[in-house]
Protein chains: 2
Amino acid sequence: MTTPPVRGFSTEEFENRLANIQMAMAGDGIGVLLLTTEHDIYYFTGFLSQFWQSPTRPWFVVIPSEGKPIAVIPEIGVQSMKSEFMTDIRSWSSPHETDDGVSLLNQALTECLKASGSNVLGLNKGRETHIRMPLGDFETVMWNLKSSDPNIAIKDATSIIRDIRMIKSEAEINKVRYVASTVSGVFENLFDFADIGMTDAELFKNFKLECLKAGVDNVSYLVGGAGQQGYDDVIAPPAGRKLRSGDILMFDTGCTFDGYYCDFDRNYGFGAINDTAKRIHNAVWQATEAGLAMAKPGNSCAQVFRAMDEVLKKNGALGESVGRYGHGLGIQLTEPPSFTAWEQDILREGMIMTLEPGMIYAPGRMILHEENLVIRKNGPELLSRRAPAELPVKL
Amino acid sequence: MTTPPVRGFSTEEFENRLANIQMAMAGDGIGVLLLTTEHDIYYFTGFLSQFWQSPTRPWFVVIPSEGKPIAVIPEIGVQSMKSEFMTDIRSWSSPHETDDGVSLLNQALTECLKASGSNVLGLNKGRETHIRMPLGDFETVMWNLKSSDPNIAIKDATSIIRDIRMIKSEAEINKVRYVASTVSGVFENLFDFADIGMTDAELFKNFKLECLKAGVDNVSYLVGGAGQQGYDDVIAPPAGRKLRSGDILMFDTGCTFDGYYCDFDRNYGFGAINDTAKRIHNAVWQATEAGLAMAKPGNSCAQVFRAMDEVLKKNGALGESVGRYGHGLGIQLTEPPSFTAWEQDILREGMIMTLEPGMIYAPGRMILHEENLVIRKNGPELLSRRAPAELPVKL
């Protein structure tokens, strides 16, 4: 068992993140930034809690143009939010009959805008984001701001937040490396706890138990597919099907350690696997190799996509249904950017990415591979231990 | 080990849910309803997937005034969405460079509005809801609708959706009963796997392993507190602290079965627990008794709150930081309504609720109880097995 890295981050790490976003805000003329989601708030404050699963209460963090973030949060979260870094915490008893943080939030935003000398409020409006608060309350906050200053402008801050979050520190990389390495070990022993005749519910349960025993915090995401010589659904929960000879079983898991994810899959054959399925498994593995060769600073996401796509096409891919061949990874199971034909983002050092080529090789028969890596100066450092080139088969 | 109930729901159950919402829509003059979140979509379609953890792709379900729901979803989800009930599925390859479902969604909404003869679009704007799609895309959809018909009106549908989801069918109750009963068994054996000297990380891990072994699908939510004669934070993840004599340990967990949650906690003393802590534990237990006595059809949430609050005040509560003494429960860890001083919602048969009185009895020292129940004709049916009146202590 690998020793887990230290939990949390240094105050310096949060100070760096803050300095980066404030520099980007200044460049964009943004006087204050509003954050409403679990992952942005964890990134900029260190506040980590499963309590986000309750939709009852809104949580806000306001980043001023200078000085530390301001947390505007329910009383229940004050104790957990407090840290050497987070000192300005404003709270109310939530849920509240008439004002669930709206006035406190308006006050913090107005205060920061005044201090900044800018009338521009930044928030997430773009791809892969949403505003986590009731739409009615959001409209009230916007209305209040515009009533007090008709010149207030809203600016989409998606790109500046994503550009900063994309580049991971060594402390972040260590967390993903730990969880990816731990889960690699579980995958390597899969035949010890998976067999023909087991239901998918048993297989899912055994896999989760092994991951927890091996040292992950949570098996936050586990999907699987099993079918004769390939599978046709890669996001389904267990449905009661029993594993049988001729099946290829795939597990794709996002386990976490200290709020950081791995996200990769492995394929296993049981009993009578035919040569076509074995050939396709190897073809998708070769596509990953092609992706690895291109995963270095300066290449665009579209270039990496094309390198993988060529291998799959050459091997007779009928198509894919996932929409991309990999993505960013960190405090979310999937983060920007994506390996698609159109994504022009350039790979940079410190980006944690997944390579996830997949192909449908016959109607209802798919094989999907995935690895996790970090972009280093001269190419990728694998965080998951490389899948075997040949499909492992349990006879 | 209890036998788990059958997974999924009958087509009739989805037809009932649809009939209920369409009747409510008609009553409110709503011509089409837009759903964007995991839980509303699971409720009205049966689509259950952990894939929601990826923020990359938006998912939409459109409820027309007559006829079945229309799913407007990424290609990757089509296979899982298909069922006897869900037949109109429109998909696109997502993520998409320029149009991530926006045109398809606009088309479905326009089509349904035309067919309904109404110009009112319903969506969630209220308490405990949010819109799960990029704000920019949401604005585009609204802009497109208003461009094609300037008389389009938006209506908040929060209350009609919540009123229907609040009343659980027997099939829903069976799932919560199974998971609550399974976790009750784990709590009853806690001293077998928890001891002085263990770190909170070990305690969390052991608890998760036991829940999975006992037959829950996921330990989706687990928070805990431990401290001398009481705890001061009830939403924190493990921080490295070792359990010692004089500690009260509390675990609060939301485990799931087939997408349905339990949500309750238990308290345990280790070593030298003083009489005050024991007395307070019993006082909070008595507050739950007072809540149980009031948990019947016709009583308001505020009445149930007051019954519990009186017991806590009489026993010297300095306050609480949770903001309420319980809430609805089902496919979300917390659902409406809440037991607060101001909630006027009336309890009805079939509502699954938690009772969750808690009190701070000294600075930094809190004790919290929680039970799960369903409101029946003559009072509550407990779904969790009742906590012991006296604090269990391991010497």
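**Exercise 1. Locate Glu356(B) and decide whether it is buried or exposed.**

Step 1. Glu356(B) sits in the loop that joins strand S13 (352-355) to strand S14 (358-362) of chain B. Helices (H or I, at least four residues) and strands (E, at least two) are DSSP runs, numbered from the N terminus.

Step 2. The model is predicted: local features need pLDDT of at least 70, side-chain atom pairs count only at pLDDT 80 or more, and totals for chains, interfaces and linings use all residues. Residues are numbered from 1 along each chain as its sequence is written, with chains lettered from A and ligands numbered from 1 in the order in which they are written.

Step 3. Apply the burial rule: 20 or more other C-beta atoms within 10 Å means buried, 12 or fewer exposed, in between partly exposed, with C-beta atoms placed from the backbone. Glu356(B) has 28 C-beta neighbours inside 10 Å, so Glu356(B) is buried.

Step 4. List contacts (C-beta atoms, placed from the backbone, within 7 Å). Beyond four places in sequence, Glu356(B) touches Val322(B), Tyr325(B), Gly326(B), Leu368(B), His369(B) and Glu370(B).

**Exercise 2. Describe how H7(A) packs on H8(A).**

Step 1. Take the axes, which are lines fitted to C-alpha atoms, for helices over the stretch in contact; angles run from 0 to 180 degrees between N-to-C directions. The axes of H7 (residues 170-188) and H8 (residues 200-214) of chain A come within 9 Å and cross at roughly 135°.

Step 2. Classify the angle: under 35 degrees is roughly parallel, over 145 roughly antiparallel, 65 to 115 roughly perpendicular, the rest oblique. H7(A) is therefore oblique to H8(A).

Step 3. Name the residues. Thr182(A), Val183(A), Gly185(A) and Val186(A) of H7(A) meet Glu210(A), Cys211(A) and Ala214(A) of H8(A). By class, this contact holds 4 nonpolar, 2 polar and 1 charged residues. Here Ala, Val, Leu, Ile, Met, Phe, Trp, Tyr, Cys and Pro count as nonpolar, Asp, Glu, Lys and Arg as charged, and the others, Gly among them, as polar.

**Exercise 3. Characterise the side of chain A that touches chain B.**

Step 1. Count: 59 residues of chain A are in contact with 59 residues of chain B.

Step 2. Find the main contributor. H8(A) gives the largest share of the chain A side, 5 residues.

Step 3. Sort by class. The chain A side divides into 21 nonpolar, 24 polar and 14 charged residues.

**Exercise 4. Inspect the backbone at Glu128(A) and Pro337(A).**

Step 1. Recall that most residues other than glycine have a negative phi, and most peptide bonds are trans.

Step 2. Phi of Glu128(A) is near 70°, a positive value. Glu128(A) is buried, with 23 other C-beta atoms within 10 Å.

Step 3. The peptide bond from Pro336(A) to Pro337(A) is cis, with omega near -5°. Pro337(A) lies in strand S12 (residues 335-338) of chain A.

How values were computed: Contact = placed C-beta atoms within 7 Å.
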